[in-house]
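Biologist: I am new to this model and would like to go through it step by step. Could you take my questions in turn?

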Amino acid sequence: MESLKRKNVSLRGFFLITVFTVFFGVVLLSGLTIWGCTAFRHWLLPDPDAAYLTVEQIYSDGTTTTSSYLLEYGEAAKLPQLFVEESYVDGNEAEGVKLSEEYEGDQVRIAGPTADTSYSIQKLEQGYDTLTPKRKLAWRLSGAAQVFVPGVLSIGGILFCGFYFYRKRLAIPIRLLTDATARIAEQNLDFTLEYATEDEMGDLCRSFETMRIELAENNKAMWEMVEQRRTMQASIAHDLRNPIAIVEGYTEYLQLNLPEGKLSPEKTERIVRNLNLAAKRLERYTESVRRLNQLEDMEIVRQEIPSGELVGRICDDLEMMAGKGGSTLQTHSTVPEQTLRADTGILSRILENVFENALRFAERKVSVDFALRERKLEILVRDDGKGFPEEMLGKEWKNRFPGTREDGHLGLGLAISRTLSEKHGGSLRLGNQKPQGAEVKIILEV
């Protein structure tokens, strides 16, 4: 039975095999016990329904012989063959005569010329009283064993089935699941649950491992979101200082110079215009922050759409934007004709932010390349501008929040595009070309 644990059988199958194996073992051992005890009791005391037939022969010379035979009581029995060694009939010597007749009754007496033969039958109903004390004890113990041993074997078989089944198929997975649950309760998801048996408990452990992986990924995403929010809040506080400092500086300047009449109309108009620009910067920044906060509640709604239709629709929108920006657009696609599953609204929003940023810093042209690799749609947006500053490149950019540029343009567009790309199962990477120009690689799961 030990080899059963290495077979890919279900819990039900393993349990039934164990039960039937133990059942046949119990039946066999019980049968052997009952048979052995019955044989032992029969050896101690023959069946009470049996009887001893005693044959006594007395010869003419006074010689006596006695023989006993065990027969079933109440049924006809043939006597053993009797021989008369010497017999004289009419004074002549004759050979022995063989007697073979059937008799019934408690006692029969036959007289012959050569010998007197008597038969007696003794029933064994009271034979137990003739046993010695030790034999009586052995008789009682063997009788009790016929009942007690099968009962003990049955109870032992049931207990053995339960313990064996639990030890071989339940103990290990339950211990693994208990340990895994305790670790998750301690917010420790850095472990692996492995149980290779192909049964229901194996399926349960694999499902639990899948749940742990999902929890770990969700926990990681949550902490990344919290870290991004912290970084965003720090960046917001940092970038708000510039327009606020401008407003405070101009208001203090006006408070000092307006009462004394030191400001010319041209100077006053320029200050008012700068204050208006600072106020608009604050307004745009507030709106961008509001949009970023809304991203956390945004859900991805995928729709099936032919790849050619999707790429064509995107190229039409980009050509319209490029025409208004005064730059040349070059597009190239190697995406094969097939059905993709994507949120077209999210995809358009990502591209609009990235493409608008490329148009703003391009000198003459912007190129967009489309490719599909392993169910991942890759979109590469390049411009011939000055490229990204060094602080926005590298692995650290993922945990940073773009700040405000000197021209007043907010760097939240790339942050929004990056967040949306990650929600769509992809990523957004920044880089620079040689000798100049910026490139943004958008990867989306479709």
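This is a predicted model: local features need pLDDT of at least 70, side-chain atom pairs count only at pLDDT 80 or more; totals for chains, interfaces and linings use all residues.

Modeller: Residues are numbered from 1 along each chain as its sequence is written, and side-chain values use heavy atoms, with hydrogens and water left out.

Biologist: How many helices and strands are there in the protein chain, and what percentage of its residues count as buried?

Modeller: Helices (H or I, at least four residues) and strands (E, at least two) are taken as DSSP runs, numbered from the N terminus. Buried stands for under 20% relative accessible area, exposed for over 50%, and partly exposed for what lies in between, with a 1.4 Å probe and protein chains only. The protein chain has seven helices and 17 strands, and of its 446 residues the part that counts as buried is 34%.

Biologist: What distance does helix α5 reach from its first C-alpha to its last?

Modeller: Helix α5 covers residues 307–325 and has 19 residues. The expected span, 1.5 Å times one less than the number of residues, is 27 Å for this helix, and the model comes close to that. From first C-alpha to last, α5 reaches 27 Å.

Biologist: Why are the buried residues of α5 on the same side, and what arc do they cover?

Modeller: The buried residues of α5 are Ser307, Leu310, Val311, Ile314, Cys315, Leu318 and Ala322. An α-helix has 3.6 residues a turn, so residues three or four places apart point the same way. On the other side of α5, Met320, Gly323 and Lys324 are exposed.

Biologist: Which elements do the buried residues of α5 pack against?

Modeller: Contact is counted when heavy atoms lie within 4.5 Å. By that rule, the buried residues of α5 pack against β11 (303–306), β12 (328–333), β13 (339–342), α6 (344–361), β14 (365–373) and β15 (376–383).
The helix is then followed by a residue whose phi is positive, near 80°, namely Gly326.

Biologist: Is Ser421 buried or exposed, and what is its relative accessible area?

Modeller: Ser421 has its place in helix α7. Leaving aside neighbours within four places in sequence, Ser421 is in contact with Ile350, Gly426, Ser427, Leu428, Ile442, Ile443 and Leu444. Ser421 is buried, with a relative accessible area of 0%.

Biologist: What kind of aromatic pair do Phe23 and Phe24 form?

Modeller: Rings of Phe, Tyr and Trp (its six-membered ring) pair if their centres lie within 6.5 Å, and planes under 30 degrees apart count as stacked, over 60 as edge-to-face and the rest as tilted. The structure holds six aromatic pairs. In the one made by Phe23 and Phe24, the centres are 5.6 Å apart with 65° between the planes, and the pair is edge-to-face.

Biologist: Which residue lies over the face of Trp139?

Modeller: A charge sits over a ring if NZ of Lys or CZ of Arg is within 6 Å of the ring centre and within 35 degrees of the ring normal. One such case is Arg212 over the face of Phe191, at 5.3 Å from the ring centre. Over the face of Trp139, at 3.8 Å from the ring centre, lies Arg41.

Biologist: Which residue does a cis peptide bond join to Lys434?

Modeller: The residue in question lies in the loop between β16 and β17. With omega at about 5°, the cis peptide bond joins Lys434 to Pro435.
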